[in-house]
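Dear colleague,

Please find the structure below, handed over for your own work.

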Amino acid sequence: MQNFIFVSEAPDAEMKIVDFGFARLKPSENQLMQTPCYTLAYAPPEILKQTYNHDTGYDESCDLWSLGVILVRLVVYASSVGQTLSVL
């Protein structure tokens, strides 16, 4: 879970996502993104399709897939160490 930091050393410290290495501005309203930049473990199918076909694009909805993967990993990690995960 290398893309997370705790805001303090307290046992109940808030955790934040910190990796924005591939962040970019969204293109115009109807324009799809064409440059696949991803971490394989978090990559949604649309980006993988763009990587191999080069004929489709993808939009910001791919971020929801990646967020879902992160949330699943957090829940699995928390349950494997016997912790309760609280989400605001």
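Leu71 has a relative accessible area of 42%, so this residue counts as partly exposed, since that class lies between under 20% for buried and over 50% for exposed. Please bear in mind throughout that the model is predicted.

Leu71 is located in helix 2.

A patch of negative charge is formed on the surface where Glu29, Glu46, Asp59, Glu60 and Asp63 gather. One of these residues, Asp59, lies in the loop that runs between helix 1 (45-53) and helix 2 (62-80). Asp59 has a relative accessibility of 30% and therefore counts as partly exposed.

Finally, I draw your attention to Lys26, which is found in the loop between strand 2 (15-17) and helix 1. Lys26 counts as partly exposed because its relative accessibility is 43%. How far apart are the C-alpha atoms of Lys26 and Glu60? The separation is 7.7 Å, although the two residues are 34 residues apart along the chain. Glu60 is also among the residues of the negative patch described above.

With kind regards

Note on methods:
Residues are numbered from 1 along each chain as its sequence is written. This is a predicted model: local features need pLDDT of at least 70, side-chain atom pairs count only at pLDDT 80 or more; totals for chains, interfaces and linings use all residues. Side-chain values use heavy atoms; hydrogens and water are left out. Patches are made of residues with over 30% relative accessible area and no salt bridge: like charges are joined within 9 Å, nonpolar side chains (Val, Leu, Ile, Met, Phe, Trp, Tyr) within 5 Å. Accessible areas come from the Shrake-Rupley method with a 1.4 Å probe; for residues, only the protein chains shown count as cover. A salt bridge is a side-chain nitrogen of Lys or Arg within 4 Å of a carboxyl oxygen of Asp or Glu. Lys and Arg count as positive and Asp and Glu as negative; His and the chain ends are not counted. The place of a charge is taken as NZ of Lys, CZ of Arg, CG of Asp or CD of Glu. Helices (H or I, at least four residues) and strands (E, at least two) are DSSP runs, numbered from the N terminus. Buried means under 20% relative accessible area, exposed over 50%, partly exposed in between (1.4 Å probe, protein chains only).
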